[in-house]
Amino acid sequence: MKRYALLTAVVLATVIPFASRAVFMDEHIFLNIARSAQTHWFFPQDTPGMFFGSVVPDFASHTHPPVGEYYLALIYAVMGRFEDTPFRLAFSVFPIAAVLAFYSLARRFVAEPLWVALLFALSPAFVVYAPTLMMDVPMLAFLLVGFALYFKSVDGVRRALFPASVCFVLAVGTGYTALIPLACFFVGLLTAGRPPRELLSVMAAPAALALWLAAMTVHFGRFPLWGTVTYFLSQGSMLWNFVAVFTFVGGVTLFPLAASGKPLLSAGAFAVALVAMIGFPAGAAPLWIVVLIASGAFMIARFFSSARELIASGRNSGEAFLLLWFPAVMIFFVVAADMINGRYVLLGIPALYLVAFRKMNRRSLIGMVIPTALLSLGVAYGDYRLVNANRDFVKAVVEPLLTQGVTVWGGAESG
């Protein structure tokens with residue numbers, strides 16, 4: 001229990017300082033749908049809004065199913081109106097659940113579960129997204145809790161399989177991309193010859209999603225995912241996405257080059273990061289990109305090296321789906337995403353860590369956790385300042401215009 005309390009405290013320590021951050025990114029969409037749920041509970045997407053400056057009649061083609069918005073709607077019902085800090089603190093149940101469930105899995109798969117869990121909780125992507133009202137952390141939390149409960153059922157807790165299946169349904173009900181790890185998990189169960197009831201526990205999630213999409217199609221008179229698919233097909237480049245995978249894996253998983261096991265490389269990355277904080281000389285910015293690419297390459301190489309050792313050992317504690325999970329997520333976003341970003345990589349980090357660091361000793365992990373924590377807090381603080389600068393701009397510029405009778409439309413990065 002002490003370790004669970006420590007992990008909870010670490011998560012709260014990364015959420016509370018940034019809980020007063022302004023609305024940013026897609027949070028305004030989630031909040032708009034949550035408000036709509038007060039009067040349109042079954043189809044909260046049936047509300048008008050703004051998307052990249054254009055008025056849309058509804059959010060049927062929104063890229064997330066509504067489970068997360070229903071939780072926001074419950075917070076609205078309790079609090080009556082939106083306030084940054086209370087909403088974000090109430091939403092912190094998801095990053096806490098994600099880290100605790102990850103620790104439960106780490107106890108099964110790695111030699112130093114506490115330190116690997118701390119590294120996950122303090123990774124830049126997780127620290128930056130933990131205080132937000134985005135759906136990436138809730139989706140990941142439901143997934144990890146579901147996997148942890150499944151392995152509890154394997155270890156003899158028979159009643160754990162049903163809540164695991166419920167968590168899988170909720171994960172897919174929060175984000176479509178939860179289907180990627182679940183598909184890998186299903187393949188792992190299938191190849192291991194697991195009982196049909198375990199296969200059905202996973203199949204419940206896509207079945208529930210299919211029923212929801214059918215209901216949405218009937219209600220709105222069109223297939224809701226069609227708009228999402230056409231949007232993403234018109235965006236992005238697979239070549240640049242492939243290159244970006246290395247930079248983002250190197251930058252949002254841990255301190256750059258820390259996983260190389262080479263102190264001089266890590267020290268060099270620290271020196272470059274220090275220069276980056278002060279300000280790059282003209283034309284020197286590509287140096288940081290090189291560091292990130294090298295760090296991402298080391299992380300990916302460590303993953304596949306550890307995966308190869310695991311396969312060669314013939315040991316099977318249920319890790320097969322982890323070997324598929326990380327590469328499947330990366331391949332999907334390279335092919336389908338409009339761009340690579342931190343929250344896309346976040347979906348693959350649990351599998352990356354559980355495989356890459358399964359045999360790493362405590363001393364090495366401590367040497368990675370400390371600089372990673374410092375980097376993450378620095379990035380989170382910079383993000384916090386950027387987000388609130390947008391809100392300050394709205395107060396300073398937009399509100400005076402409104403008092404003059406000027407109509408101003410805005411959303412997302414405008415605060």
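1. Tyr-76 and Phe-87 are both buried, where buried means under 20% relative accessible area, exposed over 50% and partly exposed in between, with a 1.4 Å probe and protein chains only. This is a predicted model, in which local features need pLDDT of at least 70, side-chain atom pairs count only at pLDDT 80 or more, and totals for chains, interfaces and linings use all residues. Residues are numbered from 1 along each chain as its sequence is written, and side-chain values use heavy atoms, with hydrogens and water left out.

2. Rings of Phe, Tyr and Trp (its six-membered ring) pair if their centres lie within 6.5 Å; planes under 30 degrees apart count as stacked, over 60 as edge-to-face and the rest as tilted. The count by this rule is 29 aromatic pairs. Tyr-76 belongs to helix 3 (residues 67-79) and Phe-87 to helix 4 (residues 84-91), so the pair ties together parts that are 11 residues apart in sequence. Helices (H or I, at least four residues) and strands (E, at least two) are DSSP runs, numbered from the N terminus.

3. For Tyr-353 and Phe-357, the ring centres are 5.2 Å apart and the planes stand at 55°, so this pair is tilted. Tyr-353 and Phe-357 are buried. Leaving aside neighbours within four places in sequence, Phe-357 is in contact (heavy atoms within 4.5 Å) with residues including Val-110, Leu-254, Met-299 and Arg-302.

4. A nonpolar core is a set of buried Ala, Val, Leu, Ile, Met, Phe, Trp, Tyr and Cys residues joined through side-chain atoms within 4.5 Å. The largest such core has 133 residues, among which Leu-72, Tyr-353 and Phe-357 touch the most other members. Helix 8 (residues 136-154) supplies the largest share of this core, 11 residues.

5. Ring pairs also join a cluster made up of Phe-109, Phe-147, Tyr-150, Phe-151, Phe-168, Phe-185, Phe-321 and Trp-325. Phe-168 is also touched by Ser-201, as are Leu-161 and Ser-165, not counting residues up to four places away in sequence. Ser-201 sits in helix 11 (residues 196-220) and is buried, at a relative accessible area of 5%.
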